[in-house]
Amino acid sequence: MSTRSRAVLFGAMAASAALTLSACGNGGTSGGGGNTNFVAGKNGIDTVAKGHRAAAPDLSGKTIDGSTLDVASYRGKVVVINVWGSWCSPCRAEAPYFASVSKEYASQGVQFVGINTRDTSTGSAVAFEKQNGIGYPSLYDPTGKLMLRFKKGTLNPQAIPSTLVLDRQGNVAARSLAALSEENLLKMIKPVLAEK
């Protein structure tokens, strides 16, 4: 094996190891430091006060069922974004809560959107949603490109699962880097929904 081939192989192995280590954990670091304007809560939920929030990046593309979706089309609603994978145990644990709350709060102006990542095909993702009764759309992001669009130092998704709540203007208001109970999911949504 040539030196160049070894270098390419080593780089690929290192990248794979990094993805494996960050995958499906119980949370990550806040990525804070400096003037990030967010407050880390005791329940693992980070929040940003209205007026200090960063806009969510472009989150658009194909969904797991082949449709096209642009999260910006939901401006005016509170949007809950859940980053998940069908292979992820904590994602499976929280899925029933997301299915239930998404149905309960749809009439109150809350829209859920999934970002399915690291699934090598959409088949397992579609089966996951069907099994868990998830009726909201999920963008298909097998390589994590959508997650990388969030600016460093903002409330960005850094683990799988991650959940973000966007306010009605499309700004990131809250984030969790761990699987959520129904109670904690509602703790993220209700304050943003109550904003005028």
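Modeller: Take Arg175, which sits in strand E9, residues 172-176. Keep in mind that this is a predicted model.

Colleague: Is Arg175 buried or exposed?

Modeller: Arg175 has a relative accessibility of 0%, so it counts as buried. The cut-off for buried is under 20% relative accessible area.

Colleague: How far is Arg175 from Ile81 in space, and how far in sequence?

Modeller: Their C-alpha atoms are 9.4 Å apart, while the sequence separation is 94 residues.

Colleague: Let me step back. How many helices and strands are there?

Modeller: The protein has four helices and nine strands. Read from the N terminus, the order of the elements is α-β-β-β-β-β-α-β-α-β-β-β-α.

Colleague: And how much of the protein is buried?

Modeller: Of the 196 residues, 43% are buried. The protein exposes about 9,900 Å², and 56% of that comes from carbon and sulfur atoms.

Colleague: On to the helices. How do H2 and H4 pack?

Modeller: Two numbers describe a pair of packed helices: the angle between their axes and the distance between the axes. Helix H2 covers residues 89-105 and helix H4 covers residues 182-193; their angle is about 30° and their axes are 10 Å apart.

Colleague: What do you call that arrangement of H2 and H4?

Modeller: H2 and H4 are roughly parallel to each other, because angles under 35 degrees count as roughly parallel. The crossing of H2 past H4 is right-handed.

Colleague: Which residues make the contact?

Modeller: On the H2 side they are Tyr97, Phe98, Ser100, Val101, Glu104 and Tyr105. H4 contributes Glu182, Leu185, Leu186, Ile189, Lys190 and Leu193.

Colleague: How many of those are nonpolar, polar and charged?

Modeller: The contact of H2 with H4 has eight nonpolar residues, one polar residue and three charged ones.

Colleague: Is Ser102 buried or exposed?

Modeller: Ser102 counts as buried, because its relative accessibility is 9%.

Colleague: Now the loops. Where is Trp87?

Modeller: Trp87 lies in the loop between strand E5 (78-84) and H2. At 30% relative accessibility, Trp87 is partly exposed.

Colleague: Where does Arg118 sit, and what is its phi?

Modeller: Arg118 is in the loop between strand E6 (110-117) and helix H3 (122-132). Its phi is near 65°, a positive value in a residue other than glycine. Arg118 also counts as partly exposed, with 26% relative accessibility.

Colleague: Last one. What kind of peptide bond joins Ile160 and Pro161?

Modeller: Ile160 and Pro161 are joined by a cis peptide bond, with omega about 0°. Pro161 is in the loop between strand E7 (138-141) and strand E8 (162-166).

Note on methods
Residues are numbered from 1 along each chain as its sequence is written. This is a predicted model: local features need pLDDT of at least 70, side-chain atom pairs count only at pLDDT 80 or more; totals for chains, interfaces and linings use all residues. Side-chain values use heavy atoms; hydrogens and water are left out. Axes are lines fitted to C-alpha atoms, for helices over the stretch in contact, and angles run from 0 to 180 degrees between N-to-C directions. Helices (H or I, at least four residues) and strands (E, at least two) are DSSP runs, numbered from the N terminus. Angles under 35 degrees count as roughly parallel, over 145 as roughly antiparallel, 65 to 115 as roughly perpendicular and the rest as oblique. A crossing is left-handed if the near helix is turned anticlockwise from the far one by less than a right angle, and right-handed if clockwise. Contact means heavy atoms within 4.5 Å. Ala, Val, Leu, Ile, Met, Phe, Trp, Tyr, Cys and Pro count as nonpolar, Asp, Glu, Lys and Arg as charged, and the others, Gly among them, as polar. Buried means under 20% relative accessible area, exposed over 50%, partly exposed in between (1.4 Å probe, protein chains only). Accessible areas come from the Shrake-Rupley method with a 1.4 Å probe; for residues, only the protein chains shown count as cover.
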